[in-house]
Amino acid sequence: MILLRIALRNILATRVRTFIIGLLVTFGTALVVLGGSLLSSLEQSMARSITGSVSGNFQVYSQDARDELELFAPPVGTPRIGEIKDFPRVKSVLEKVEGVKTVVPMGTDNAIVFSGNLMDILLGKLREAHKSGDAEATKLLTDQIRRNVGLMKSQVGNLDGFVSKTADFDMQRKLADLDQAASPDFWAGFADDFETRITFLENRIAQLAMDERMLFLSYIGTDTEEFTQNFGLFEVVKGQAVPPGQRGFLFSDFIYERQVKHLIAGRLDRIREKLETGLTIAADKALANMIQQNVRQYKDILYQMDTDASARVLAELRTFLGSNEQEPIPLLQQFLAMDDGNFQERYDFFYRVIAPTIILYQVRIGDTLTIQSFTRRGYPTQVVVKVYGTYRFTGLEKSALAGLYNLMDLMTFRDLFGASTEESRIENEALKKKGGVADVKKEDAEAALFSDDSEPQEEEGSSALLDEYAGVDMKAGGRRFTQDLFDKVYTREEIDTGVTPNAAIVLDAGADERKAAEGISAAIAAENLGLKMVDWKKASGLVGQFIDVIWIVLVVAILIIFLVALVIINNSMLMATLDRTREIGTMRAIGAGRSYVLKMFLIESSVLGLGFGILGLLLGSGIVALLNALGIPAVTDELYFLFAGPRLRPVLLPSHLAVAFVVVFIVSVLSTLYPARIATRVAPVKAMGKED
Amino acid sequence: MTDVVALRNVVKNYPLGNLTVSALRDVSLSISAGEFLSIAGPSGSGKTTLLNLVGCVDTPTSGDVLVDGRNIGKLSDRELTRLRLDKIGFIFQSFNLVGVLDAFQNVEFPLLLQGHINRAERRQRVMEFLAKVGLEQQARQRPNELSGGQRQRVAIARALVTRPRIVLADEPTANLDSVTGAAIIDLMKSINEKEQTTFIFSTHDAKVMKYAHRLVKLEDGRIVEGAA
């Protein structure tokens with residue numbers, strides 16, 4: 001009691017010192033509380049994002065994998081993670097482990113999809129219309145193609161003089177071709193000399209349009225039924241889910257809106273979204289840039305409209321803009337040069353008048369999609385798959401990371417992966433018999449690639465679906481993608497059997513993650529499954545380790561603060577000891593033991609530590625409560641994903657308070673040990689004599 | 001009468017840089033219970049060293065110091081502390097009150113250290129001794145609210161409250177004016193007479209020396225007068 005009083009009096013007597021120590025301790029404690037709360041909340045939200053979307057609670061893959069599994073790695077190359085041996089057995093063993101809900105087979109890969117050249121598409125349509133004798137369509141398409149060729153000519157017109165003087169004969173030939181195709185003579189005789197002239201356009205002009213677009217797609221091949229059922233955040237946005245057991249493709253809605261959608265429309269959508277958050281085109285460089293890009297890419301609108309539509313649209317546009325501009329290009333550019341004042345009405349005009357006349361999505365729901373990829377052996381391959389719709393993960397719709405992956409069935413995935421399924425093996429056998437072609441071994445791949453005589457594609461008669469890479473891949477590329485294949489329903493056994501690079505383990509709601517991990521590890525070892533298990537943090541690659549990095553940063557920051565506090569408290573207590581030598585000496589002379597002096601100092605620093613520690617706890621809790629009420633806004637896509645939504649609302653756990661309290665207590669006691677030890681060494685003699 | 005303090009051939013040397021300073025050279029002295037003894041001498045004659053040895057806050061280089069029959073050279077720090085707490089009261093030249101405690105608490109402090117006295121008895125004892133020094137009214141005042149004389153009286157009460165066998169006072173009047181100093185010595189003397197407490201004090205004030213039963217004079221570390 002008297003010690004406590006002495007301690008309190010000393011604390012009050014040295015206000016500056018108390019203030020500095022108090023500030024440090026309060027700030028340090030608040031930081032522990034705040035940081036702990038933020039990070040564990042972040043970890044929870046990340047867990048929600050990652051486990052609820054792609055990874056599940058754990059991922060398993062072959063223990064012989066050459067690369068580590070990184071679900072959110074930048075999409076470069078195919079990760080070489082090997083394959084799970086005998087997936088059906090793995091599934092049945094692991095699903096028996098307590099807490100495991102299910103095991104979902106999957107694999108991830110990247111591919112390229114070409115949008116196709118618009119001129120090619122138009123010419124293809126024209127051929128068809130011509131063949132079927134549809135005069136109206138023929139006329140409309142002819143006009144559109146003629147207009148586009150004219151526009152192409154006018155684009156290079158100003159280069160004409162320059163190019164003609166160069167020695168680039170190839171370029172000169174191209175310009176001559178364009179001149180010819182744009183000449184009135186060419187079109188005057190077009191109908192009569194249809195085959196020759198359309199062939200000329202196909203072979204010589206289409207390639208000059210260069211309006212092809214490539215999509216780089218990352219995708220997950222999985223048991224689509226299991227996936228949709230077990231990843232809680234999954235939801236279909238457009239179209240429908242892939243029917244159970246069937247082949248099919250679902251776009252990530254994020255990718256679909258950003259990359260498949262007409263580029264100008266997509267930009268307008270994004271600008272509108274940003275304007276709603278309070279940004280302005282005038283002030284935001286990125287937005288102004290997007291407007292500029294739209295102005296430059298007017299072609300994407302103009303070329304896609306047929307002549308009837310463009311006449312109608314341009315007329316409406318003149319009225320809308322109150323302009324007399326007769327030339328389509330300046331008129332469109334004028335329209336696309338939007339500013340904050342007119343954005344909304346022009347946006348509405350775009351969707352009301354222009355959008356119906358252009359190709360709003362390169363791939364429509366219900367269309368088929370030709371996906372080109374490289375098999376794991378390095379052969380180019382392609383498959384055709386039906387697009388059933390788009391999906392997103394609830395709450396993560398605006399996250400690029402969560403929207404990274406498109407979804408496809410496992411059979412299609414295996415075809416692209418170059419995996420030999422029973423089906424493709426039989427087909428392959430048939431192929432070999434028919435074409436008399438030996439199986440291409442790895443070392444023969446190059447020879448096969450450049451040889452002309454061993455290509456089976458002619459015999460297959462499937463060239464309509466194949467591009468120049470086709471036929472090289474003996475397994476998938478040579479196959480016919482027919483309606484039969486799209487309608488086929490695969491059995492569970494068929495889906496589970498075959499190449500499965502990795503698998504997600506989804507736990508029951510509320511299952512103990514650590515206990516389940518132990519169970520899974522034990523089962524893997526006991527059954528000799530040859531698997532490596534990683535938790536969602538590790539499986540998600542850098543993204544998941546992000547939280548560990550922040551933890552380290554926080555811990556280091558806290559360590560530094562408390563180290564500084566330790567030094568300062570230590571120093572000032574040491575000063576206090578020296579200041580109080582006489583008092584301590586007096587107490588010792590009167591009969592206070594060393595332990596009593598030690599106690600006196602420890603109590604003083606404990607009171608200091610606890611007092612300001614509690615203040616720090618209150619401060620930290622207050623900030624957490626405030627942040628919880630306000631929410632920390634996710635200002636970037638990455639944060640959106642990490643926060644599992646637009647805002648992070650940190651929650652305070654008793655453990656944060658307890659940890660902070662213990663830490664601050666230890667620090668204050670630790671920092672007093674040395675000064676207190678010095679104090680116990682003060683001799684009672686120091687009480688004697690005159691005051692200094 | 002029994003000797004409450006006995007010094008036999010005591011030598012005390014202090015190291016001072018590379019030199020050794022001899023503060024006491026072969027000092028022998030017996031002090032009986034109930035004495036009111038003054039140690040006098042010029043500065044550096046060894047007065048304070050002698051008091052420190054008797055007060056068990058220092059130990060001799062050679063020779064024996066017996067306090068209440070115990071040889072302090074053979075006691076541990078813990079035993080010395082206990083001996084000081086139970087048998088010796090200190091009155092310091094600079095009063096040495098604990099600044100953050102009020103008069104009552106300062107006087108109570110040694111009783112708290114003794115540990116075995118209950119709250120009510122402590123209170124009664126503290127007030128009894130504050131009354132003896134005439135400061136019942138100032139019990140709740142802090143040292144900085146008291147005059148020099150009052151502070152020294154609090155210190156006297158603190159020294160006496162444990163009913164020690166010996167009270168040591170090192171120049172108790174040095175920081176006081178002569179009137180107050182005389183009053184303090186009067187107070188000590190009256191307590192000495194009433195309680196039979198042994199008082200040993202050092203001074204170089206001739207007026208203060210007059211009060212002593214016996215005057216021990218030190219010069220250059222040796223007793224030159226009053227050794228018997």
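A:R492 is partly exposed at 33% relative accessibility (partly exposed lies between buried, under 20% relative accessible area, and exposed, over 50%; 1.4 Å probe, protein chains only). In this predicted model, local features need pLDDT of at least 70 and side-chain atom pairs count only at pLDDT 80 or more, while totals for chains, interfaces and linings use all residues. Residues are numbered from 1 along each chain as its sequence is written, chains are lettered from A and ligands numbered from 1 in the order in which they are written, and side-chain values use heavy atoms, without hydrogens and water.

A:R492 forms a salt bridge with A:E225, the closest N and O atoms lying 3.0 Å apart (a side-chain nitrogen of Lys or Arg within 4 Å of a carboxyl oxygen of Asp or Glu). A:E225 is likewise partly exposed, at 26%. Both residues belong to a salt-bridge network that also includes A:K91, A:E95, A:D223 and A:E226. In chain B, B:E108 and B:R122 form a salt bridge at 2.9 Å, N to O, and both residues are buried. Over all chains, 40 salt bridges are found.

The largest nonpolar core comprises 81 residues (buried Ala, Val, Leu, Ile, Met, Phe, Trp, Tyr and Cys residues joined through side-chain atoms within 4.5 Å). Among those with the most contacts inside this core are A:L42 and A:F72. A:F72 touches, among others, A:L401, A:Y405 and A:F641, not counting residues up to four places away in sequence (contact means heavy atoms within 4.5 Å). A second, separate core of 57 residues includes A:L122, A:A309, A:I329 and A:V353.
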